[in-house]
Amino acid sequence: MCGTDNAPAGPSGSPRGTSRDEDAAEEDEAADRQHGRPPGSPPPDEVVGAAAAAEGEVSLREWVDQPGRAVNLLQCLHIFRQIVQAVDAAHAQGVVVGSVRPSCFVMSSLDLISFIESASCSSSDADDDAPRDDSPRGASDPPAVPQEPREGGAGAEVDATAFPMRRVLQMEAVWYTSPEEAAGKPATFASDVYRLGVLLFELFYSFDSLDEKLMSMSNLRHRVLPPQILLKWPKEASCCLWLLHPHPDSRPKMSGVLQSEFLNQPKDSLEERDAAMKLREEMEDQELLLDFLLHLQRKKKENCDQLQNTIQFLSADIEEVLHKQSILKKKSDQEMGKAEHSARGMLDEPLLCSVKDEHSFNFDSRKRLKSDHLSYTQDEHYNVDSESQRSEGQHSQENPISKSSRLMKNFRKLEAVYFSTRCRTIKPSGLGNKSIQVINGGRRSRVRTEGSSVDDGNYKEANVGRRRNDWISPFLEGMCKYLAFSKLKVRADLKQGDLLNSMNLVCSMGFDRDKEFFATAGVNKKVKIFECDTIRNGDRDIHYPVVEMTNTSKISCICWNSYIKSHIALSDFEGVVQAWDATRNQVFAEMREHEKRVWSVDFSVADPTKLASASDDGAVKIWNINQAGSICTIRTKANVCSVHFQPNSAYALAIGSADHKIYCYDLRNLRLPCFTLDDHAKTVSYVKYLDPSTIVSASTDNTLKLWDLSASASGIIKNPLQTFTGHANIKILQCSLKRDSLDFPPYSIPCLISSATLFSQNFVGLSISDGYIATGSETNEVFVYYKAFPMPVLSYKFSITDVMTGKDVDDTSQFISSVCWRGQTSTLLAASSNGNIKLLEMV
């Protein structure tokens, strides 16, 4: 008979009932009523596979249902006796187990049985001698929800041949329901005895097919046993019928089961088996401990080998550095010896006293004068050198202490950088190079970029240093650069804010071709140009620009032309890109193809007539200042926040996008980007070429990242060379106003967290100079990093002067909005969001 037509449908829409005869269906409905389930619904499955999670354990249900399982008398009695003892212990505490079913037990490799489901803790005063109709004061817990057998876990070999687990589990609750429970009465101790009888039958009778099992278990409800078990296991079959008596009072008590001849006759054999099992268990425990110790020994040996290797190459590096020191000291001694010998020869040179004629007298006079002059100059030189050496000595007494303090403060990070640098293969165009070799017309030339400087002496020395050990030069250079400066000192404080305008936020700054003038621009719609040396050397409270240009909209970015000194490009919030002539104070080119705000604009160094712009409309446009329209357009799926030309190419372009990625394009093939750099978690706000193969990017995720374009042949790079952290790019704003009523800075990205909490992500600037990377922070601080180390080298916090006290105080509402290096120097411009600009210098 099939299940009822009204049975709830499963996921496939078919009825969830299973085939059974009418008696089984009635028993199912009785079990459903007992457990409070809707009629016709299957019993909840048991947790079979997941509960037997321990290695070497298998569900007793899986073990029993192995088709054609060979029945071993002692093994089955050993299993049954453990379960009987567990049930007897529960009854002694007044607890009806209720879950005496194979799916509620797991079996170890040593045939040790464990519960995987606890019975309800019902207390009862009934003991083993209580009348059969006495019921405990609690009922058993409902069965747990089953899962399909595990794959690859304990008992995986059994799963491959066992009966369909879900179907068997659906029937198990019916098989193990006593007649009184099926009639609607509560479970008693006798009900557990009945379940033991069903379990005993399953242990001693092996089934070859599921249909045979279903038929035999259905007949077992009527105490009809298969002929095979009656012939092969007559004592076990008799005990099974005794336990399955339909009347609860006629079933034995747990004490009677434990004292029965059935369990006690092979007691000696069972005890011997238990002893053997305990020995096997101890052996397995010893093997487990041995495996653990061997694994621990292997791991420690690997650590020891690794530590020995580390000590070996540390020793080799120490020897290499000592060798370099000895060479340098020898050269220094030789140079000093030559200098002293030359000076001594000039000082001890005898004067000619005899004068033969006027010519000889004049010659002798000139020589005497020259000698006296050299002597005086040499003495003066020695005096100056001694004074400078004394001052340098005093400085060296203080400087190593501060350097050592900074070194030890960041020792862990320096150690990590050392090991990563030591293990990394140094390329000719790596981070240690200060110059880039470019093949141009068959000739090799070294060119200066924003992130490099050309120094023939240093270049030759670096090449000599690489002959023996390639890692030393870049790491030593990085460490020296890291420790070269101790602080950022304010050289000038530029007060140029408009008192009549509350919005003085500076969005962009830049130096001209010769680094004589710098321009500032922002939301006050003005471009102001100042002479740097006048600002640096002057002592004025208010500084006036040499040129001031007014735009019709708020300005987001400016960029000087690297070839034509007076040309400057700007972009604004209305999507307009303009090219100005600063000497004439007029616009000579205007581009109006963008549909939304233009975030960034950049002149090409290789082709000064070429200009790139990036906009919120998802487009990057390339312009020629001598043509009317754009040359080409790069379309993206997200807002574009930054654009930068490669310094040595008019075709290589990097863009930073709001989709958290950086794209590098070749303008001769715009179908796909040449490189995609993907590791930032938020909007990429700035992107700069450090050299032709290295890019620095800034993001609102509080990080800067250094990328090596030569590290990937596929074009997709997910692992940056370095990640710089320390600055902040997010600010939490507590308020009770609605977002529409808040006045956010126009150069920020406001985001709503809750009705009372907001945060803003501002663009805080990015600039590079000779490997140093400067950026701002939401904490109103300027941070300087060096490309080889992830931690800040220097930092400087802006403050305001309190009018009442005259002391400097922090203004938490402000942030750094723009930074700009003065070429390849240690001078840095930094602007706060209130329009305050400081000229800083690393000292």
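Guide: The conversation below goes from the chain as a whole to helix packing, salt bridges and record annotations.

Visitor: What kind of model is this, and how are residues numbered?

Guide: This is a predicted model, in which local features need pLDDT of at least 70 and side-chain atom pairs count only at pLDDT 80 or more, while totals for chains, interfaces and linings use all residues. Residues are numbered from 1 along each chain as its sequence is written, and side-chain values use heavy atoms, with hydrogens and water left out.

Visitor: How many helices and strands does the chain have?

Guide: There are 18 helices and 39 strands in the chain. Both are DSSP runs numbered from the N terminus: helices are H or I with at least four residues, strands are E with at least two.

Visitor: And how much of the chain is buried?

Guide: Of the 843 residues in the chain, 47% are buried. Buried means under 20% relative accessible area, exposed means over 50%, and partly exposed lies in between (1.4 Å probe, protein chains only).

Visitor: What share of the contacts comes from residues 24 or more positions apart?

Guide: Such residues account for 57% of the contacts with a separation of 6 or more. Contact means heavy atoms within 4.5 Å.

Visitor: Let us turn to the helices. How do α7 and α10 pack?

Guide: Helix α7 (residues 189–204) and helix α10 (residues 234–243) pack at about 155°, and their axes are 8 Å apart. Axes are lines fitted to C-alpha atoms, for helices over the stretch in contact, with angles from 0 to 180 degrees between N-to-C directions. The two helices are therefore roughly antiparallel; angles over 145 degrees count as such, under 35 as roughly parallel, 65 to 115 as roughly perpendicular and the rest as oblique.

Visitor: Which residues make that contact?

Guide: From α7 the contact involves Val193, Tyr194, Leu196, Gly197, Leu200, Phe201 and Phe204, and from α10 it involves Glu236, Cys239, Cys240 and Leu243.

Visitor: How do the axes of α7 and α8 cross?

Guide: Those axes come within 12 Å and cross at roughly 145°. Val198, Phe201 and Glu202 of α7 meet Lys213, Ser216, Met217 and Leu220 of α8 there.

Visitor: Which residues of α8 are buried, and what do they pack against?

Guide: In helix α8 (residues 210–220), Leu210, Lys213, Leu214, Ser216, Met217 and Leu220 are buried. They pack against α2 (60–64), α5 (165–175) and α7. Helix α5 is itself mostly covered, with nine of its eleven residues buried, among them Glu172 and Trp175.

Visitor: Where does valine 84 lie?

Guide: Valine 84 belongs to helix α3 (residues 73–92) and is buried, with a relative accessible area of 0%. Apart from its neighbours within four places in sequence, valine 84 contacts Leu196, Met254, Val257 and Leu258. Between valine 84 and leucine 196, the C-alpha to C-alpha distance is 7.5 Å, although 112 residues separate them in sequence.

Visitor: A change of topic: how many salt bridges are there?

Guide: The count comes to 26 salt bridges, each being a side-chain nitrogen of Lys or Arg within 4 Å of a carboxyl oxygen of Asp or Glu.

Visitor: Which residues form a network of them?

Guide: Arg61, Asp65, Arg101, Glu172, Glu202 and Lys213 are linked in a network of salt bridges. Within it, aspartate 65 and arginine 61 meet at 3.1 Å, N to O, and both residues are buried.

Visitor: What does glutamate 841 pair with?

Guide: Glutamate 841 forms a salt bridge with arginine 536, with closest N and O atoms 2.8 Å apart. Glutamate 841 lies in strand β39 (residues 836–842) and arginine 536 in helix α18 (residues 532–537), so the pair ties together parts 305 residues apart in sequence. Glutamate 841 is buried at 14% relative accessibility, whereas arginine 536 is partly exposed at 26%.

Visitor: Finally, which residues does the "coiled-coil region" annotation cover?

Guide: UniProt lists residues 297–324 under that name, in an unreviewed entry. UniProt positions are given in the numbering used here, feature names are shortened, and annotations may be inferred rather than shown by experiment. In the model that span is 100% helix and 0% strand, and its end C-alpha atoms lie 40 Å apart.

Visitor: And the "repeat: WD" annotation, where is that?

Guide: The unreviewed UniProt entry places it at residues 591–633 and 677–710. Residues 677–710 are 0% helix and 65% strand, with end C-alpha atoms 12 Å apart.
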